[in-house]
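Reader: I have a structure to go through. Can we take it step by step?
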Amino acid sequence: MKRIVYLIFLSALMLGACVEEFNAQLPEGEKDILVVDGTIISDSLCTFYVSRTQGGVMGSDSFLGEPLATLKVLGSDGTEWQGKQVRGGEFEVQVGSLLSDVAYHVEVQVLGFKGLTYTSKPMKALDTPQIVDSIGLERKNNKFEENVLLYMSMRGPGNLYYRVSYLQDWEVRAEWNAMVEYDRKTGLVKPVEQSYARGWKSDHSERPYVFPSGKYEAGYSFPVPLYSVSLTSDHLSYRYCSTICVRSVSKEEYEYEKIRNQLSNSMGGLFTPQPSQLPTNLTCSDPSVKVIGFVGVSGKVVKKRFYISTKEVDCLYNEIQGKDCEALTMNDRNTDRPDLMYDWGYRLVSDNPMLWAPKACVDIRQPGVSLEKPDWWEDN
């Protein structure tokens, strides 16, 4: 289990911005422009998007995929990985190992009477060092709920740029691990055939951040705020795993993502840049044809897992769940019939004395819960 450091006083601000959403108004006349977006990553199934600006707007809400296109990744040593179009304008490419002395780029060909070819700038893969030291926790309160803010402590060389994202997996337990059950068909109490008191949930939504490390002195650790976890949710109710994913990006890719985010969040502002100001590393075989987008090249994504136990945080969910899962007798529910208790949504917790609790407190099965433990999961 990786080390967890508790940070009480931190002055670091959020150093990156979410770059998932992008919806910016284009100047008049900048319509039907090809947009190419994606990253070539070593030993990864990479996704690329080839679309057209629609109605003077570019962004996810106006995605108009270019169906008459082909895409492939090429290396300066003759390497070629062909892309597969999984839906209109969305391509998947299984990229192999990128070599440090080889430059890679994407080539997009659009079928039609012009037969245009769009090419990204050849770039060498940037190496990503193992730079994540630890995870820190800080309890936060607001008028709506209490949560824990996670920070990661990074240590790496200065003057580099990073893209950070994270995956969440957590174990959940039923309040009661019953050893007996009531068989509704036979009306008998019997030992449980299979316990459904343990399960796992996950949230692997992409929420990346990009930031420079140049403001920090090389070789020294610095905290990077990541995300918050509600203490009223079941994330921290038993055992939680945060997988931090880091890869190095070029200064050009960092600038592209930074301006793209500014366009998305500050549309119409006095100092908001225009989409035409977006840096791009793509060119067209016809120099007079404009293209928007950026294709970066990165080495392997470095991942590091950190586990957090409910013993290390005061999870309010458990307190609430404990009150909602109180086990009662049939008399407490004004009945002496176990079949009615079962039909009312209660399940047997023990038979001596006979106690019943709501089904959700005994049986963890529900949408989003897997009963199969991940292969990589480390038990306490």
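Reader: Is Y196 buried, partly exposed or exposed?
Author: Y196 is partly exposed, with a relative accessible area of 22%. Buried means under 20% relative accessible area, exposed means over 50%, and partly exposed is in between, with a 1.4 Å probe and protein chains only. A word on the source: this is a predicted model, where local features need pLDDT of at least 70, side-chain atom pairs count only at pLDDT 80 or more, and totals for chains, interfaces and linings use all residues. Residues are numbered from 1 along each chain as its sequence is written, and side-chain values use heavy atoms, with hydrogens and water left out.

Reader: Where is Y196 found?
Author: Y196 is in the loop between β18 (188–191) and β19 (198–203). Strands (E, at least two residues) and helices (H or I, at least four) are DSSP runs, numbered from the N terminus.

Reader: Leaving aside neighbours within four places in sequence, what is Y196 in contact with?
Author: V362, D363, I364, R365 and L371. Contact means heavy atoms within 4.5 Å.

Reader: How many residues apart in sequence are Y196 and L371?
Author: They are 175 residues apart in sequence. In space, their C-alpha atoms are 7.6 Å apart.

Reader: What lies over the face of Y196?
Author: R365 does, at 3.6 Å from the ring centre. A charge sits over a ring if NZ of Lys or CZ of Arg is within 6 Å of the ring centre and within 35 degrees of the ring normal.

Reader: New topic. How many aromatic pairs are there in the whole structure?
Author: A search finds ten. Rings of Phe, Tyr and Trp (its six-membered ring) pair if their centres lie within 6.5 Å; planes under 30 degrees apart count as stacked, over 60 as edge-to-face and the rest as tilted. Y162 and F211 form a tilted pair, 6.0 Å centre to centre, with 45 degrees between the planes.

Reader: Why does that pair tie together parts 49 residues apart in sequence?
Author: Because Y162 lies in strand β16 (residues 161–173) and F211 in strand β20 (residues 209–212).
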